[in-house]
Amino acid sequence: EGRSPFITCAEDGTPKAVGISAANGEGIDLLKDAIRQIAEKEPEEPQEAPDNEDWLAEFEREFLRGLL
């Protein structure tokens with residue numbers, strides 16, 4: 001016999017993992033609740049895309065630092 005169905009949440013209450021039974025489907029209600037909670041959460045502000053040249057220069061510096 002396996003574990004009971006479960007839901008694990010992050011500190012902010014966002015669902016991170018749901019355990020359901022593959023044998024009998026127990027926990028599907030938890031999965032539906034988790035999906036609903038995530039879908040209803042307000043979207044985060046979009047992050048500005050980094051300037052490609054700045055990103056590439058930073059990557060090169062870090063890469064070379066690792067080689068030396």
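Lys41 is partly exposed, at 40% relative accessibility, where buried means under 20% relative accessible area, exposed over 50%, and partly exposed in between (1.4 Å probe, protein chains only). The structure is a predicted model, in which local features need pLDDT of at least 70 and side-chain atom pairs count only at pLDDT 80 or more, while totals for chains, interfaces and linings use all residues. Residues are numbered from 1 along each chain as its sequence is written, and side-chain values use heavy atoms, with hydrogens and water left out.

The side chain of Lys41 forms a salt bridge with that of Asp12, at 3.3 Å from N to O. A salt bridge is defined here as a side-chain nitrogen of Lys or Arg within 4 Å of a carboxyl oxygen of Asp or Glu. Asp12 lies in the loop between strand 1 and strand 2, and Lys41 in the loop between helix 1 and helix 2, so the pair ties together parts that are 29 residues apart in sequence. Asp12 itself is exposed, with a relative accessible area of 55%. In general, side chains of opposite charge can pair when their charged atoms come close.

The count of salt bridges comes to three. In one of them, Asp33 pairs with Arg36, and the closest N and O atoms are 2.8 Å apart. Asp33 and Arg36 are three residues apart in helix 1, which means that about one helical turn separates them. Asp33 is partly exposed at 34% relative accessibility, and Arg36 is partly exposed with a relative accessible area of 43%. Another salt bridge joins the side chains of Glu58 and Arg61, at 2.6 Å from N to O. These two residues, Glu58 and Arg61, are three residues apart in helix 2 and are therefore separated by about one helical turn. Arg61 has a relative accessible area of 47% and is partly exposed; Glu58, with 36%, is partly exposed as well.

The secondary structure of the protein chain consists of two helices and two strands. Helices (H or I, at least four residues) and strands (E, at least two) are DSSP runs, numbered from the N terminus. Along the sequence, these elements follow the pattern β-β-α-α. Of the 68 residues of the chain, 7% count as buried.

Strand 1 (residues 6-9) pairs with strand 2 (residues 15-19) in the antiparallel sense, over four bridges; two strands pair if DSSP finds at least two bridges between them. Within this pairing, Ile7 has Val18 of strand 2 as its bridge partner, and Cys9 stands opposite Pro15 in strand 2. The two strands form a hairpin with five residues between them, and Gly13 in the turn has a positive phi of about 90 degrees.

Helix 1 (residues 28-40) contains Ile38. This residue, Ile38, counts as partly exposed, at 45% relative accessibility. Ile38 and Lys16 are 22 residues apart in sequence, and their C-alpha atoms are 9.6 Å apart in space.

Aromatic residues were also examined. The charged end of Arg3 sits over the ring of Phe6, 4.2 Å from its centre. A charge sits over a ring if NZ of Lys or CZ of Arg is within 6 Å of the ring centre and within 35 degrees of the ring normal.

Helix 2 (residues 52-67) contains Trp55. Together with Leu56, Phe59, Phe63 and Leu64, Trp55 makes a nonpolar surface patch of about 540 Å². Patches are made of residues with over 30% relative accessible area and no salt bridge, in which like charges are joined within 9 Å and nonpolar side chains (Val, Leu, Ile, Met, Phe, Trp, Tyr) within 5 Å. Accessible areas come from the Shrake-Rupley method with a 1.4 Å probe; for residues, only the protein chains shown count as cover.
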